[in-house]
Amino acid sequence: MTTQAPVLVASDLDRTLIYSAAALALTMPDARAPRLLCVEVHESRPLSYMTETAAALLSELGDAAVFVPTTTRTRKQYQRINLPGPPPTYAICANGGHLLVDGVTDLDWHARVTARLAEECAPLDEVRAHLEETADPLWVRKHRLAEDLFVYLVVERELLPEDWVKELSVWAESRGWTVSLQGRKIYAVPKPLTKSAAMREVARRTGTSLTLAAGDSLLDADLLLAADRGWRPGHGELADAGWTAPAITALPERGVLAGERILREFLKASRP
């Protein structure tokens with residue numbers, strides 16, 4: 001009897017599967033709002049949620065496929081999340097900079113990534129210094145360094161000048177970096193630091209027959225393009241740009257209900 005090769009599901013987390021209170025988009029009457037499960041607590045406060053239905057679907061998916069949480073979060077930020085279902089064997093953190101295997105960093109993978117960044121991109125310190133010089137304290141709330149791999153700003157969106165992100169993108173492009181605006185965060189990330197490269201590595205190790213992916217931001221585009229099939233919600237950077245590709249399904253759902261729909265699609269595609 002032949003054993004069927006596993007299906008790999010690599011999914012972004014924030015604003016794809018899990019949602020802050022501000023991102024839930026509960027537009028229905030209060031009495032019809034879905035029941036929510038808190039999946040992340042930070043500094044003793046609830047921070048991220050899924051619907052209870054999505055939580056049940058994710059538990060089911062963990063048994064049907066190799067589920068790989070795939071996030072731009074640092075390892076510390078990822079480890080705050082308590083997802084339902086079996087603990088994932090693999091997780092991709094720091095936009096592909098760290099591959100966790102049973103919760104432990106794969107040092108060989110990390111060394112390969114950092115060597116490539118050193119060869120192909122302007123140094124992190126140069127980008128960090130540029131942000132500190134050009135970002136106005138009037139609208140910047142925090143400067144953050146993530147895992148010594150990339151940087152991001154936490155900003156007041158309503159005060160952010162319209163052209164500043166575009167100008168930063170042009171400056172970064174010529175130095176081998178990319179810029180992404182997600183909610184109140186502006187990320188500057190080296191181009192070779194990708195979720196897709198880490199997903200391909202997990203696919204190689206697991207002997208996957210089919211790869212599925214979902215994400216909402218510019219930093220997820222490479223992941224979606226690398227998968228056999230992908231889904232994006234009706235909100236986020238990719239939706240705002242009208243971004244799509246042949247194997248990508250643009251879903252109409254927005255907010256936490258989009259997370260539920262994505263998990264239904266994953267399950268449907270994972271089953272023979």
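A residue is called buried when its relative accessible area is under 20%, exposed when over 50%, and partly exposed in between. The legends below describe close-up views of a predicted model.

**View 1. Trp139 and Trp164 form an aromatic pair.** The model contains four aromatic pairs. In the pair made by Trp139 and Trp164, the arrangement is edge-to-face, with 4.9 Å from centre to centre and 70° between the planes. The pair links distant parts of the chain, since Trp139 belongs to the loop between helix H4 (124–134) and strand E9 (140–146), while Trp164 belongs to helix H5 (residues 164–173), 25 residues apart. Trp139 has a relative accessible area of 3% and is therefore buried, and Trp164, at 10% relative accessibility, also counts as buried.

**View 2. Trp231 of strand E14 meets Phe266 of helix H9.** The ring centres of Trp231 and Phe266 are 5.6 Å apart and their planes stand at 90°, so this pair is edge-to-face. Because Trp231 lies in strand E14 and Phe266 in helix H9 (residues 256–270), the pair ties together parts that are 35 residues apart in sequence. Trp231 counts as buried at 1% relative accessibility, and Phe266 counts as buried at 0%. Elsewhere in the model, ring pairs link Phe150, Tyr152 and Tyr187 into a cluster.

**View 3. Strand E14 pairs with strands E13 and E15.** Strand E13 (residues 210–214) and strand E14 (residues 229–232) run parallel and are joined by three bridges, with Trp231 in E14 as the bridge partner of Ala214. E14 is also joined by three bridges to strand E15 (residues 248–250), again in parallel, and here Ala250 in E15 is the bridge partner of Arg232. Together with helix H7 (residues 221–226), strands E13 and E14 make a right-handed β-α-β unit.

**View 4. Lys195 and Asp220 are joined by a salt bridge.** The closest N and O atoms of Lys195 and Asp220 are 2.5 Å apart. Lys195 is buried, its relative accessible area being 1%, and Asp220 counts as buried at 0% relative accessibility.

**View 5. Arg73 and Glu40 form a salt bridge.** This salt bridge is part of a set of 21 in the structure, and the closest N and O atoms of Arg73 and Glu40 are 2.8 Å apart. Since Arg73 lies in the loop between strand E5 (66–69) and helix H2 (75–78) and Glu40 in strand E3, the pair ties together parts that are 33 residues apart in sequence. Arg73 counts as buried at 10% relative accessibility, as does Glu40 at 1%.

**View 6. His42 of strand E3 makes a polar contact with Arg80.** His42 is found in strand E3 (residues 36–42) and is partly exposed, with a relative accessible area of 30%. Leaving aside residues up to four places away in sequence, His42 touches Leu47 and Arg80; the side chains of His42 and Arg80 are joined by a polar contact of 3.5 Å.

**View 7. Arg175 and Glu126 meet in a salt bridge.** The N to O distance between the side chains of Arg175 and Glu126 is 2.9 Å. This pair links distant parts of the chain, with Arg175 in the loop between H5 and strand E11 (177–182) and Glu126 in helix H4, 49 residues apart. Arg175 counts as partly exposed at 26% relative accessibility, and Glu126 counts as partly exposed at 35%.

How values were computed: Residues are numbered from 1 along each chain as its sequence is written. This is a predicted model: local features need pLDDT of at least 70, side-chain atom pairs count only at pLDDT 80 or more; totals for chains, interfaces and linings use all residues. Side-chain values use heavy atoms; hydrogens and water are left out. Two strands pair if DSSP finds at least two bridges between them. Helices (H or I, at least four residues) and strands (E, at least two) are DSSP runs, numbered from the N terminus. A crossover is right-handed if, with the strands pointing away from the viewer, the path from the first strand over the helix to the second runs clockwise. Buried means under 20% relative accessible area, exposed over 50%, partly exposed in between (1.4 Å probe, protein chains only). Contact means heavy atoms within 4.5 Å. A polar contact is a pair of N or O atoms within 3.5 Å; within protein, one must be able to donate a hydrogen and the other to accept it, and residues adjacent in sequence count only if both atoms are side-chain atoms. Rings of Phe, Tyr and Trp (its six-membered ring) pair if their centres lie within 6.5 Å; planes under 30 degrees apart count as stacked, over 60 as edge-to-face and the rest as tilted. A salt bridge is a side-chain nitrogen of Lys or Arg within 4 Å of a carboxyl oxygen of Asp or Glu.
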